[in-house]
Amino acid sequence: MVETLNLFRNLYRWWKARRQPVRDVSEVFRFKYTCFRDLLDSNSQILAIISNLEEKLQGHQVFGMSYIRSQASRAAFHAFRMIKSLDVLSGHKYPLLYPILDRIHEAIKKELGPREESEAPAYTLPLAAVTREQVDWVGGKSANLGEVKNRVGLPVPPGFAITTRAFHHFLGHQDLWDEINKRKMEIDPRDPGSIEEVCQAIRELLLAAPLPADLILALEEAYRDLAREVGGEPKVSLRSSALGEDSELSFAGQYLTCLNEPRERLAAAWREVVASLFTPRAVTYRLYQGIRDEDAAMGVTCLAMVAAVASGVMYSRHPFDPLQDRVVIAGVWGLGPYAVDGTLSPDTFVVGKGADLPLLRQEIALKPVALAAAPEGGLREEQVPPERQAAACLTEEQVRTLASWAIRLEEHYRGPQDIEWALDDQGRLFILQTRPLKVQPRVGAAAESPPLPGATVLLEGGQIACPGVGAGPVVRVETDDDLLHFPEGGVLVARQSSPKFVVVMAKAQAVITDHGSVAGHMAAVAREFGVPSLLDTKTATRDLPPGQEVTVDALTGRVYLGRVPELLALREERRPHMQDTPIYQVLRRVADHIVPLHLLDPRSETFAPASCRTLHDLARLVHEYSYREMFQISDLAAERGTGALKLEAPLPLDLYLIDLGGGLSRREEKSPRVSPGEVVSVPFAALLRGMLDPRLKALEPRPVEFSGLLSVMREQWLSAPPLDDRFGEKSYAIISDKYMNFSSRVGYHFSVLDAYCGATLNKNYITFAFKGGAADEERRRRRVRAIARILTALHFTVEVTGDRLDARLAKYDCGVIQEKLEELGRLLIYTRQMDMLMTSEASVDIVARNFLAGNYSLEPEAFQPPAEAPAGPEN
């Protein structure tokens, strides 16, 4: 609880500091942009949490109550941060969102109940007494090792687990927790130097602190028991086994491992492993993830050192090609780190899973050196005798033994395993660690796995949002009507992912999109329904014709022509081994208040605070509302244009720039003017490229169509628009390295363009609004309808009301966003003062067709409908 209060106290101090009076308008914009950026960051974090919860809900990974509490706390923290950011950004327009968050959070806390998980009964536990049920006592690494020894029955080195009770006792001794929290108050999340300094101070504090006497006695007693078991005083290895490590949180490589430590170094080495909980990398990760330190409590695995002749890793299934259901073993002479850290190329053995475990392939590498345990403690590199350098580090019998163990572990955990092994100087094999193998391929990994022989690949690549295999006819979805008529067993193919696809998830065999993020809302829905999904394929709508029967391989990232029996056989479901446990049922109930998404369509009347039932709903709502608030930032620019720099460019606009940071290249001179070459803002530079397209002839006067000119004059003389309808003559662009808000308000029309363009696809978007004009209403409406046709063809979502247009495009990669902004830049110049040229309904189609064809001519004759062809002679 103390950690949570510290997080919110720091957040409050930060908000308070940022609300001090600003010196000029650029600071106002910078403040609003920082709020917006924080909101986007927390939105990404919540989606990542949801994705992780959905993975655990599959029931194949070990977790405990600490994991559930940690993820629930993080989700609530980031939901609060999103609401706070939106409320401050908007000038406190959304106070009603706080009680909604409180209601959902209270429901989560009710499901969690009071902290009743029992404390470990002792500071140490022999591995013979440890199974996966003790994960909250000993951490994931020790829990898995105890499970392997006691339930699978495979040999592991003798050893014991140092529990989280020992960790809490040490940090509670001499008020170390209070001292740690005091020092953490000095951390400025924006200053890496302060994090480094504070973490160094905390580690020095822990390393200098004496251990409680009873803890020292417990460690000594556990070591004596180990010595009696092995018949001597062994050197030991101490490995971090933090809560959450090697499972739900990305702590890999952040904590310390001490190898080959003598008895007299046991207590000191344990303390060093504990202190590694406060490295700058680990603290920064927890700080930005909203993770409390007590939810990452440090357990430690202590094992007798194996006098390793050879060591390595093995996978119960191919690590990036799940179609190869084979055991892969890698090994080197000596200790195992050289097998995985790139120092050496290891020997590789591939074993089939048939009854006789056939050795299908072996590649023996040159291994000139080995990592070995030094007699005095620690490690040293040794030369391998020449006659052994090119020799296999395992015999065929040992390879088959290891392969059989990998299969047993996969069967026990009901999922592929990533396993460490060692061979000692007496020819005995040991398991050192096992954990779930994430078979999902990384982006681009499909190219490393050859296509199935004899099968025709229609599409390859993209990101796997939900692994699996599905088959059926391609069904193209472009409109809501397409969803209403979606057939049972179809493969949904769309240009852009959308959470609205939830209405057909129960029918769909698979989902494929040109664009989309694996951390987006639709990806979360697909995982919730277990629908195989390939996103961001770029060309699915082009390469997969409607009605074509296909097999979707969302394991390697391919789509095949027709039904592929070899792949369809992989659709067998594994029985989740966690689903029959009480812990899983708690996760299920808590996740019901976090994961489901009910707010699917921003245009719906139910897309409102009152409809929010989960943290996912709140995140979706706040994310959507934030776009609206940032869209309106241009109003402030028109009111407070001081401090802006004039853009010197051949444009028919009086355009001023406000740089929030990173939008302009470093400027030595204090000139109030800037050139296009000084613009480095990614979205605004793209917009400028379009506006400055020489084919547009931007500075030439618009051609005059006589009736259109009379229309404009008539509107000005007879309609007498109120002064409020006329906009200021200055245009503004508020820019940063990845953000832009551009507003052009000239005469009687305005356009506002808001965009974010960065590396995180889920944050990227464009919103665009256009209204007004000087001609009569019908001509203005024709121009808007022409713009709507153009933007629809460019794959924007478009709404038209009278002479106003609103358009949106979101969650495309940065390159696509830049392409669309260039098109919008051309469109803004192309359509200025065009309303007077819109003489007939046919001009709507002509304008759209010409623009999309790259014909930017605006001569009046180009706006006349084509003459009808003369009738042919009658027969």
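Predicted model: local features only at pLDDT ≥ 70, side-chain atom pairs only at ≥ 80, totals over all residues.
Residues are numbered from 1 along each chain as its sequence is written. Local features need pLDDT of at least 70 and side-chain atom pairs count only at pLDDT 80 or more, while totals for chains, interfaces and linings use all residues, and side-chain values use heavy atoms, without hydrogens and water. Helices (H or I, at least four residues) and strands (E, at least two) are DSSP runs, numbered from the N terminus.

Helices α6 and α7 pack with their axes 6 Å apart, at an angle of about 75 degrees. Axes are lines fitted to C-alpha atoms, for helices over the stretch in contact, and angles run from 0 to 180 degrees between N-to-C directions. The two helices are therefore roughly perpendicular (65 to 115 degrees). Contact means heavy atoms within 4.5 Å. On the α6 side Phe167, His168, Phe170, Leu171 and Gly172 take part, and they meet Leu176, Trp177 and Ile180 of α7.

The open sheet has six strands in the order β9-β8-β7-β6-β12-β13, with antiparallel pairing; two strands pair if DSSP finds at least two bridges between them. β9 and β13 each have a single partner strand, so one side of each lacks a neighbour in the sheet. From one strand to the next the twist averages 15 degrees. Helix α14 packs on this sheet and touches β6, β7, β8, β9, β12 and β13, its direction making about 35 degrees with that of β13.

| Strand | Residues |
|---|---|
| β6 | residues 308–315 |
| β12 | residues 417–424 |

Seven bridges join β6 and β12 in the antiparallel sense, and Ala308 stands opposite Asp424 in β12.

Methods:
Parallel < 35°, antiparallel > 145°, perpendicular 65-115°, else oblique.
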